[in-house]
Amino acid sequence: MQFHRVLLLLLIAYWLFFPAMIEWWFLLNLAPQYTYISWMMLILLSFYVNHRRQNQ
Amino acid sequence: MLTLTQLLTIGSSYLLLIFGIAFLAEKEVIPRRITNHPAVFVLSLGVYASTWTFLGSFNFIHQSGLVFLASYLGATAAFILAPVVLIPIFNITNRHQLSSLADLFAFRFRSGSVGTLTSLLLLFASLPLISIQIQAVSDSIGILYQDSSDSKIAIIFCCSIAAFAILFGTRKPSLRARNSGLVVAIAASSVIKLLIFVSFAVYVYFEVLGGVSDSAQWINNSEAATALLERKPETDSWRTLLLAFFTAVIVMPHMFHLLFNENQSINNLYTASWGMPLYLFILAAAVPVITWAGIKLGIPGSPSFTMFYIGEILGSKWLIIASFISTLAAASGVMIICVLSLGSMLQNHIIIPLIPIPKTAHFYNWLLWVRRALIILVILISYFFYENYGVAKQIQLLGLSAFIAFLQFLPGIMVTLFWSKANKLGFITGLSLGIATWFVTTFYPLVFSSSTLLSDLDIGQFSWQSTAILSLILNVAALIIVSLLTQTTQEELQAAESCLYNALEQPSELNLSPFNSSDIIQILTPKLGEQAAQRELNKVLSSLSLNTGQLMPFDLLRVRSLLEHNLSALIGPIKAASLLAPLSTKDAIRVFRTPDILMLEDQLENYQERLSGLASELDNLRRHHRTTLQKLPLGACTIDNQHRIIFWNLQMELLTQCPAADVLGKPLLEIPEPWGDFLEQFAVSPENHVIDLRLEVNNQKHWLNLHKNQLGEAEKFSLVILLEDDSEQRILEEKLAHTARLASIGRFSAGVAHEIGNPVTGIACLAQNLSFETDDPAILETGDQILNQTKRISRIVKSLMRFAHSGQSAEDIQHDPVDLQIIIDEAIHLVALDARGKQQIFNCNIPSNTRVMGDSQQLIQVFINILNNACDASPQKGKISIDCEINAEIIVLKITDQGTGIEQQLIDKLFEPFFTTKDPGKGTGLGLPLVHNIITEHYGSIEIISPADKNQKNGTQVVITLPGLPSIIKNDAHNGD
């Protein structure tokens, strides 16, 4: 299995790209509002996915 | 304002309320459908919002702005990723009955020392977390009442927590047993926390900030309020905190306990995947509002207690009560579950390996008392830590140090799920290095050197983010390098395989000699005591529907597996495995054996949904081959070298009437007679192919062909046996022979009739001439008798000729559309001419236009013969009915009389030529064979049912089936009386 290699890749991505993404995000004008809105969207998406799974 | 006594009474009342809810749930006064509802489980996970998340957030938002969201977003990420992180862990813990993180690691690395190390380090890492809960409660009272004694309040709080944990967390000896009272109480405290927090935020939003328009205006004008959320946080803090809180959801003892121990279904985790993020979202949304209100009111002290200060400044006793209860709810929930979980870890990994269970002690009671003592010990240690090191520390910094410590367990979790090569040594080295780094760089400066870790959160010369990441990197690097450099044992690899994502439970090698249930009790007794051993074994046997006594290898494998899981929940996975070690042996040569294969099949069936990629494709291929074998129109079975059945297909079930579930794993000889002996004899015989073996099953003869072949090269290997039932072929052959015999009789009859005909004609002529040659009445009478006898001979000869001609080929017969109603009416008319026919009542119910393709004269002959027979058998004025049914163009004619009926043993012989039941001279025995031949030539069939009337046991019914013409139109029945 190649899971440990994938894990290593994720670690590298976390180390290199994650800070850049966060920095870019907080440079946005309405960062706090966007954070809450995205968070809510993610919750709704999870709810929808779970709802669909239950009805399958 | 409130007095201290009043506040303490309110606090006690809250704790009593929680006690009451737990008690009602335990007694099932609160119905099970509520206590087992997914919403209750999700709300119980709200325990994550401890005083750190609850109060520490206000400090964080003051110091670092939006960074406070990290604790909420990190946990949100863990819950949203439930299908790839939480559910696989749930599967492992549920399958192997693991009750804590220490159990999980001990099981994965097959080492008691790993369990002990994990337990001790988790206790160590949890101390700051528990300490801040005690601190939050005592400080909140300290803020309101300067002269109150912190120690006394802390002691009261700790005692209440210990009492609750012992009362509701140690009711059942199994660590995996669900404490519904506890879960409902924690869920209730989460609801209280949420309601208070949201209500508080809404209240201050309107009362302090002035509602929608005023608040927006004030925030825009106030520099402090604007800066609150616009402060650009350090990206390093974000990254580290997100990872730490992501890990905390899985690793923190109280979260692990609720997620995997108190949870009974994967569906609950799916619900939590959106439910918990929503819970955290609501909490997080309230934090900035309350903080703005605090800024506007100018709170005088630590931002952690913003809610208390707001209540004090506004002079509202209700706000103070709400703040106090929410703090109490946040602190008590975490402490109760955390001490419970730590207690169970210490029991499995410190006490049980070190202290033998006294022989006189009752096993289950002993376990419960040990756990209770450990809960008290953990609370004492926590109180000691709080008193000596925790007091006056910043809550969010102590909590932070705990979360960084929990981060050190993340590599262990990841390798458990994704990397099978990681081994015990690597894990121990990595964890020790990580924790040591954390201790030196974070814990020691913070706790012992009283470093303040001020706004930039620096620890000594390194920032805390750097030291957290450094400790994690050292941990991961050591784990990978040591694991790669050292040998992973076979046992560890096996455990690793069963822990991997998509893992199958590997069937372990078993000694083939069967065990007796009393042997298992003897193995368990030294550790559990005889009574507990007996009880555990009985529990397993009844859940597997097995009886005591001799256990076959496959059953033994199932018993051992379930017993190990159950004992794992009582005494931990390592102790359970070592206790049951005598039940398994290692084989040098790995060969598949019956229990292995059956277990593997069983597992693959259960795990189908979890297979993906190549594994899924291979499983599809396996299913295809298996279905092919299952549905093979030949009976197929496979037996191992001990002649135990491994495979038994559907045709085999049909032939032997033995369901696969009853025979799999059993020796051939044990399957019901006569198949057991029959197959066993063939299995041991030197012949690989045997045909036409006759076997009588339930008074029915079967002709069987058997084939077998070895599945491997080695001698005495598994065999595949094919069983072919040739009975139908044999019956057809017999019918063919019968028809051929009839045909030969026909040819013979034609010859005989021709040869007899001429002399009989001569005799008849001579007898007629006698009347011209003499007047002697005696001679004339003799002449008449001769004439009568020659007429009789002629009639027989004519019948023979007709019978012989009925056997001619189908090509010689002209088939035309024939209306059955006309044919039967004519037959009735002809039969009624005879004296016997006149005495009967004919009832003909044939719809008009019921047509078949056939020869009308031959069909009239058929019905005359049948109706004549019916007349002969019927009493005077007997009723003979002719009915017709048309089913999908098949015409079924039923001719029923009310005669004496025919004996059962004679029915089979009725179509034999020259067989008759009539008196000598009255029947030739050729009528029904002739009928049979004619009907067969018309592609039909004939059957005789007697008695026709089952109640009165009389009458005969002749059922003739003929193919109808497609143009059959259903008309009303024609009555031919």
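A: In this predicted model, the buried residues of helix α8 of chain B are Leu101(B), Ala102(B), Asp103(B), Leu104(B), Phe105(B), Ala106(B), Phe107(B) and Arg108(B). The helix spans residues 101–108 and is mostly covered, with eight of its eight residues counted as buried. After α8(B) comes Arg110(B), which has a positive phi, near 45°.

If neighbours within four places in sequence are left aside, Ile161(B) is in contact with Ser332(B), Met335(B), Ile336(B), Val339(B) and Ile379(B).

Where the two chains meet, the contact takes 22 residues from chain B and 19 residues from chain A. On the side of chain B that touches chain A, the elements giving two or more residues are α6 (69–80), α14 (235–251), α16 (266–297) and α21 (410–418) of chain B, and α16(B) gives the most, with eight residues. By type, the residues on that side of chain B divide into 15 nonpolar, four polar and three charged.

Chain B also contains an open sheet of five strands, in the order β6-β5-β9-β8-β7, with antiparallel pairing. Its edge strands, each of which pairs on one side only, are β6 (645–648) and β7 (689–697) of chain B, and neighbouring strands of the sheet are turned by 25° against each other on average, with direction ignored. Strand β5 of chain B, residues 635–639, is joined to β6(B) by three bridges, the two running antiparallel, and in this pairing Cys637(B) stands opposite Trp648(B) of β6(B). Helix α33 of chain B, residues 675–684, packs on the sheet, where it touches β5, β7, β8 (700–710) and β9 (719–725) of chain B, and its direction makes about 125° with that of β9(B).

Several backbone details deserve a careful check, some of them in elements already named. The peptide bond from Glu673(B) to Pro674(B) is cis, with omega near 0°, and Pro674(B) lies in the loop between α32 (660–663) and α33 of chain B. A cis peptide bond, again with omega near 0°, also leads from Ser946(B) to Pro947(B), where Pro947(B) is placed in the loop between β15 (941–945) and β16 (957–963) of chain B.

Positive phi values in residues other than glycine complete the account. Gln657(B), although not a glycine, has a positive phi of about 60°, and its place is in the loop between α31 (650–656) and α32 of chain B; this residue counts as exposed because it has 10 C-beta neighbours inside 10 Å. Asp692(B), likewise not a glycine, has a positive phi near 55° and sits in strand β7 of chain B. With 11 other C-beta atoms within 10 Å, Asp692(B) is exposed, whereas the eight residues of α8(B), with which this account began, are buried.

Technical notes: Residues numbered from 1 in each chain as written. Chains lettered and ligands numbered in written order. Predicted model: local features only at pLDDT ≥ 70, side-chain atom pairs only at ≥ 80, totals over all residues. Buried ≥ 20, exposed ≤ 12 C-beta atoms within 10 Å, placed from the backbone. Helix = DSSP H or I, 4+ residues; strand = E, 2+ residues; numbered from the N terminus. Contact = placed C-beta atoms within 7 Å. Nonpolar A, V, L, I, M, F, W, Y, C, P; charged D, E, K, R; others polar. Pairing = 2+ DSSP bridges. Axes fitted to C-alpha atoms, helices over the stretch in contact; angles between N-to-C directions.
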